[in-house]
Amino acid sequence: MSTPPAAPHIREVPEAHLGRALDLASLVFHESYDKEDRERYRRLLRRCERIGAYADDRLVGLLAAQRLQLSVPGGQLPCAGLTFVSVAPTHRRRGVLSAMMAQQWRGCAAQGRPLAALWASESAIYGRYGFGAATHLSTIEIDSTRPLALRVAPDPGPLRLLDAAEAPELLGPRYEASRSRRAGRPARDRLWWREQVLPEEDEDDDELSPPRIVVAGQDPCAGYAIYRTRGGDDNGAPGIVEVQELESDTAPVTAALWSYLASIDLTGRVRAWGRPADDPLPLIAADRDQVRVTRQFPALWLRLVDVRAALTARTWAEPVSLVLEVRDEAIPANHGRFRLITGPLTTGPLSTGPLGSDPDGVSRGSRYEPTTDPADLVLDVRDLAACYLGDTRLRRLVHAGVVTERTAGAARRLDAALHTAFLPFTHDEF
Ligand SMILES: CC(C)(COP(=O)(O)OP(=O)(O)OC[C@H]1O[C@@H](n2cnc3c(N)ncnc32)[C@H](O)[C@@H]1OP(=O)(O)O)[C@@H](O)C(=O)NCCC(=O)NCCS
């Protein structure tokens, strides 16, 4: 009888093993990386913390984490952006990923990183690790074979095209303004702009043009769109405008940018794959047959690694005092009954959060302490994560039977406190 193999050893992946890490990732993701891909991913992995699982000195598991600053209501928090989650097919379903995740949680605690986030390729995997779908995206398509009919008059100011090299400086402030309004967005440095936002070639479709950038207003810019195009085919199918990002200050600038995108010659369709779930475009469209939401899907999955730090760092829309009984099988410090008390609403002179001034009427300075009082709400840590940025409503989870409300009205009160003026949003995949 043969003996079962020893459990792989979990340890840091040194830079010297980056080649092995990429071999493993290309194996499990069924990709073949060319020289350029390998160089780009090496640069990315070098910036990451890297946890490996080694069996007889062979790398059979990899979990990399980017060091992100993620916007949360009223500020930002350090966040481990998990990526390259890979286990060799010879070692799957033996607890390798679970062991690497446990190591990740220890690392987050040691470095004071209360959040972890990822983009899931399979939704079934991450709930068990305490991740909840914390932002959702809508894909919006415009039939641009006819002029775009809008209920808001486009801003008549000139638009201009920008070189990608100028983007971080000129678009950065507008992105930051949006990041302070919408939770879930990572801070971008120059490298992030160049490699994640504006790579010359689209990662999924090499027939698309390089990124084009159109800007409204001078300095500071009032709005911009990043898009790529593909010409029509020989069978008469019209060309397409793929919109990657559109940020704007006001409704007229928003209208001007969409009108521009819908009027590019030799194209007949505009497709924006990832817009916020509360994007205003469907509301300003005069013809809802011309502008359609074709898909909605979970985007960023969030893990509250340190629930207390996460809850006390964000601002709240209402004062509440509620006892939460949180189930967290992986991180004992989060597990148990805690009283959440959010502070009084701000009025008059405003306190300043890390991303700028608090709007009038938010509560900062909350407390979250262990208690023996009876629970008002009983919930899994993954469900708290789904609500944390302001996306999912707790009442829906109570209605669905996955969260238990022990005190009538508790879910409604926590929903009111969690509320944010804009839904959380990000399309920065990592
Ligand atoms: C997904 C992957 C990392 C899981 O690694 P693993 O080492 O097999 O995971 P574990 O053995 O630690 O599994 C832990 C639990 O998750 C479950 N699980 C793992 N992968 C799953 C999947 N794809 N779907 C559903 N459940 C899954 C396991 O069944 C196990 O459950 P159990 O504890 O109740 O038995 C690995 O299969 C892989 O590399 N897949 C290809 C790449 C990939 O999909 N990466 C994720 C990209 S976001």
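With 17 C-beta neighbours inside 10 Å, A277 counts as partly exposed, a class that lies between buried (20 or more other C-beta atoms within 10 Å of the residue's own) and exposed (12 or fewer), with C-beta atoms placed from the backbone. The structure is a predicted model, in which local features need pLDDT of at least 70 and side-chain atom pairs count only at pLDDT 80 or more, while totals for chains, interfaces and linings use all residues. Residues are numbered from 1 along each chain as its sequence is written. A277 is placed in the loop between β12 and α7 (281-284), where helices (H or I, at least four residues) and strands (E, at least two) are DSSP runs numbered from the N terminus. Although A277 and P424 are separated by 147 residues in sequence, their C-alpha atoms are 8.5 Å apart in space.

The domain assignment divides the chain into domain 1 (9-113), domain 2 (137-296) and domain 3 (306-418), with bounds that come from an automatic or database domain assignment. Between domain 2 and domain 3, the C-alpha centres lie 34 Å apart.

Helix α1 (residues 18-28) and helix α2 (residues 35-46) have axes that come within 10 Å and cross at roughly 115°, the axes being lines fitted to C-alpha atoms, for helices over the stretch in contact, and the angles running from 0 to 180 degrees between N-to-C directions. The two helices α1 and α2 are therefore roughly perpendicular to each other, on a scale in which angles under 35 degrees count as roughly parallel, over 145 as roughly antiparallel, 65 to 115 as roughly perpendicular and the rest as oblique. The crossing of α1 and α2 is right-handed, a crossing being left-handed if the near helix is turned anticlockwise from the far one by less than a right angle, and right-handed if clockwise.

Around the ligand there are 18 residues, of which V87, R92, V96, L97 and S98 come nearest; a residue is near a molecule or strand if its C-beta atom, placed from the backbone, lies within 6 Å of it. Two or more residues of this shell are given by each of the elements β4 (75-87) and α3 (96-111). By residue class, the shell consists of nine nonpolar, four polar and five charged residues, where Ala, Val, Leu, Ile, Met, Phe, Trp, Tyr, Cys and Pro count as nonpolar, Asp, Glu, Lys and Arg as charged, and the others, Gly among them, as polar.

Two loop residues other than glycine have a positive phi. For D56, phi is near 50°, and this residue is found in the loop between β2 (49-55) and β3 (58-72), where D56 is exposed, with 9 other C-beta atoms within 10 Å. For L266, phi is near 65°; L266 occupies the loop between α6 (251-261) and β12 (267-276) and is likewise exposed, with 10 other C-beta atoms within 10 Å.

D206, in the loop between α5 and β9 (212-216), counts as exposed with 7 C-beta neighbours inside 10 Å, and D206 and L283, which are 77 residues apart in sequence, are 33 Å apart in space, C-alpha to C-alpha. T420, in the segment after α11 (410-418), is buried, with 20 other C-beta atoms within 10 Å, and T420 and W119 are 301 residues apart in sequence and 22 Å apart in space, C-alpha to C-alpha.
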